[in-house]
Amino acid sequence: GIVSIEENEEYRYAILSSGGIAILEYKGDETTVDLTKVDLGGPIYQIGGGAFRNSTVRSVILPDTLKSILAEAFRNSSLESVVIPANVTFIGREAFAYTDIREVTFSGTSKLSMIEQYAFSGAKNLQTITIPASVTTMGTGVFMGSGLTEVSFADGIYLSEIPARSFAETKLTAIHLPDSVTLVDDNAFNNVQTLKEVTFGSNDG
């Protein structure tokens, strides 16, 4: 729960009952933001819905304390690169949609379990990504209309479903699905004119 909502020159933020901080709005105009150096009175647990939406931020350094990135957190921003810390378990709907993002790096010990629908949709500059082994659920159209040419899945992943329109309208040329996948949903690769090869793992479903 939220104890109070506070504000300073650069941020509007919530103090949570857990003692952590949720950033609700970035009001600055910097192109680089280092949240590891921001003191809001507690550890930053959450990037709230729309917090950096439409912002000029090109690079953001996220703190290791971060647990979730909510819906539209960076939507339509100038963000070009991000490292997702190990403790982030949830990336919300359209969190990075229509950004300028080129590089998404996940911690080698990532605990990310869910990437919600359209999280990276329309990210035209995003060409490659490796989905962490911890991911069990992806939403509809998660990479739809992005610039992806290559996607890989970390060894040991337990993802069971490639949801509808996941990679539709991308530029994938080939994809190898992990052993854990038992369902490829409707139009997962719709209108991917460059796709020449899809290989499946050993799971018979």
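**Ground rules**

I note that this is a predicted model, where local features need pLDDT of at least 70, side-chain atom pairs count only at pLDDT 80 or more, and totals for chains, interfaces and linings use all residues. Residues are numbered from 1 along each chain as its sequence is written, and side-chain values use heavy atoms, with hydrogens and water left out.

**Entry 1: the overall build**

I began with the secondary structure and found zero helices and 18 strands. For my own record, helices (H or I, at least four residues) and strands (E, at least two) are DSSP runs, numbered from the N terminus. The radius of gyration is 17 Å, close to the 17 Å that the globule rule gives for 205 residues, so the protein is as compact as a globular protein of that length. That radius is taken over C-alpha atoms, and the globule rule is 2.2 Å times the number of residues to the power 0.38. I also looked up the extent of the C-alpha trace, which spans about 55 × 30 × 25 Å along its principal axes.

Next came burial: 43% of the 205 residues are buried. Here buried means under 20% relative accessible area, exposed over 50%, and partly exposed in between (1.4 Å probe, protein chains only). For contacts (heavy atoms within 4.5 Å), I looked at those between residues at least 6 apart in sequence, and 29% of them join residues at least 24 apart.

**Entry 2: strands and their partners**

I traced an open sheet of eight strands in the order β1-β2-β3-β5-β7-β9-β11-β13, with mixed pairing. Its edges are β1 (2-7) and β13, each with a single partner strand, so one side of each is left without a neighbour in the sheet. Two strands pair if DSSP finds at least two bridges between them.

Within this sheet I checked β9 (residues 90-91), which pairs with β11 in the parallel sense over two bridges. I91 stands opposite I115 of β11.

I then turned to β12 (residues 128-131), which runs parallel to β14 and is joined to it by four bridges. There, I131 has F153 of β14 as its bridge partner. F153 also belongs to the covered face of β14, along with V151, while E150 and S152 make up the uncovered face. As a reminder to myself, side chains in a regular strand alternate between the two faces of the sheet.

**Entry 3: the rings**

How many aromatic pairs are there? I get eight by the rule used here: rings of Phe, Tyr and Trp (its six-membered ring) pair if their centres lie within 6.5 Å, and planes under 30 degrees apart count as stacked, over 60 as edge-to-face and the rest as tilted. Y26 and F52 are a stacked pair, 5.2 Å centre to centre with 20 degrees between the planes. Y26 lies in strand β3 (residues 21-26) and F52 in the loop between β5 (44-47) and β6 (59-61), so this pair ties together parts that are 26 residues apart in sequence. Y26 is buried at 7% relative accessible area, and F52 is buried at 0%.

F143 and F167 are also stacked, 5.6 Å centre to centre with 5 degrees between the planes. F143 sits in the loop between β13 (137-138) and β14 (150-153), and F167 in the loop between β15 (161-162) and β16 (174-176), so the pair ties together parts that are 24 residues apart in sequence. F143 is buried at 0% relative accessible area, and F167 is buried at 0% too. I then followed the ring pairs onward, and they link Y11, Y26, F52, F74, F96, F120, F143, F167 and F189 into a cluster.

**Entry 4: single residues in loops**

Is E72 buried or exposed? E72 is buried, at 17% relative accessibility, in the loop between β7 (68-69) and β8 (81-84). Its side chain makes a polar contact of 2.7 Å with that of R53. Such a contact is a pair of N or O atoms within 3.5 Å; within protein, one must be able to donate a hydrogen and the other to accept it, and residues adjacent in sequence count only if both atoms are side-chain atoms. Beyond neighbours within four places in sequence, E72 is in contact with residues including G50, R93 and E94.

K196, in the loop between β17 (183-184) and β18 (197-199), is exposed at 76% relative accessibility.
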